[in-house]
Amino acid sequence: MLFRSMYSILLVDDLKSVHSFVKSLLGKTVGIQTTSVFNGREALSLLKQGKSFDLILLDWEMPELNGPETLREMIDFGVKTPVVMMTTKNDPADIQRMIELGAAEYLMKPFTVDILFDKIEMASGKAFTYAA
């Protein structure tokens, strides 16, 4: 059995500020490695190349291919990786639709480090120790 010590997260968001914020939080956590892409097409390209991740943080509102479209294509492609949908949308119907589509969790922007890790831990079933 192959042992992989790093927990690999794919961050998909079109805003550089979100990448900086999330990577600064996750970068303080032992055992987490983050890969960043800026749209759904880039995410799908990595997954179709055989890259694997333990968790995907996926933004809802992006140009080219939005989060729901990207999630649908991931599922159609057979990706089983838990997805945490990130968005400013707070309509319960939107949340329900994404969970029904296959998202493991839903993360409202803006979020704090505690909320981010709660969602990561709920989606992954793992506990992480992070420095605030």
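Mentor: Before we start, helices and strands here are DSSP runs, numbered from the N terminus. Keep in mind that this is a predicted model.

Trainee: Okay! Where is Pro110 placed?

Mentor: Look in the loop between β5 (105–108) and α5 (113–124). While you're there, check the peptide bond joining Lys109 and Pro110: that bond is cis, with omega about -10°.

Trainee: And how confident is the predictor, what is the mean pLDDT of the protein chain?

Mentor: pLDDT is the predictor's confidence in each residue, from 0 to 100. Here the chain's mean is 91, and 95% of its residues reach 70 or more. Confidence is highest in β3, at 98, and lowest in helix α4 (residues 92–101), at a mean of 91.

Trainee: Next, helix α2. Which of its residues are buried?

Mentor: Buried means under 20% relative accessible area. In α2 (residues 40–48), that gives Gly40, Ala43, Leu44, Leu46 and Leu47. Seen down the helix axis, these buried residues fall within an arc of 160°, so they line one face of α2.

Trainee: What covers them?

Mentor: The cover includes β1 (7–12), β2 (32–37), β3 and α3.

Trainee: What should I look for at the two ends of α2?

Mentor: At the start, a side-chain oxygen of Asn39 comes to within 3.0 Å of the backbone nitrogen of Arg41. Just after the helix, Gly50 has a positive phi of about 95°.

Trainee: Which residue has a positive phi although it is not a glycine?

Mentor: That's Glu64, with phi at about 70°. You'll find Glu64 in the loop between β3 (55–59) and α3 (67–77).

Trainee: Is Glu64 buried or exposed?

Mentor: Exposed means over 50%, and Glu64 has a relative accessible area of 55%, so Glu64 is exposed.

Conventions. Residues numbered from 1 in each chain as written. Predicted model: local features only at pLDDT ≥ 70, side-chain atom pairs only at ≥ 80, totals over all residues. Heavy atoms only, no water. Helix = DSSP H or I, 4+ residues; strand = E, 2+ residues; numbered from the N terminus. Buried < 20%, exposed > 50% of the residue type's maximum accessible area, 1.4 Å probe, protein only. Arc of directions from axis to C-beta. Contact = heavy atoms within 4.5 Å. Polar contact = N/O pair within 3.5 Å; in protein donor to acceptor, adjacent residues only side chain to side chain.
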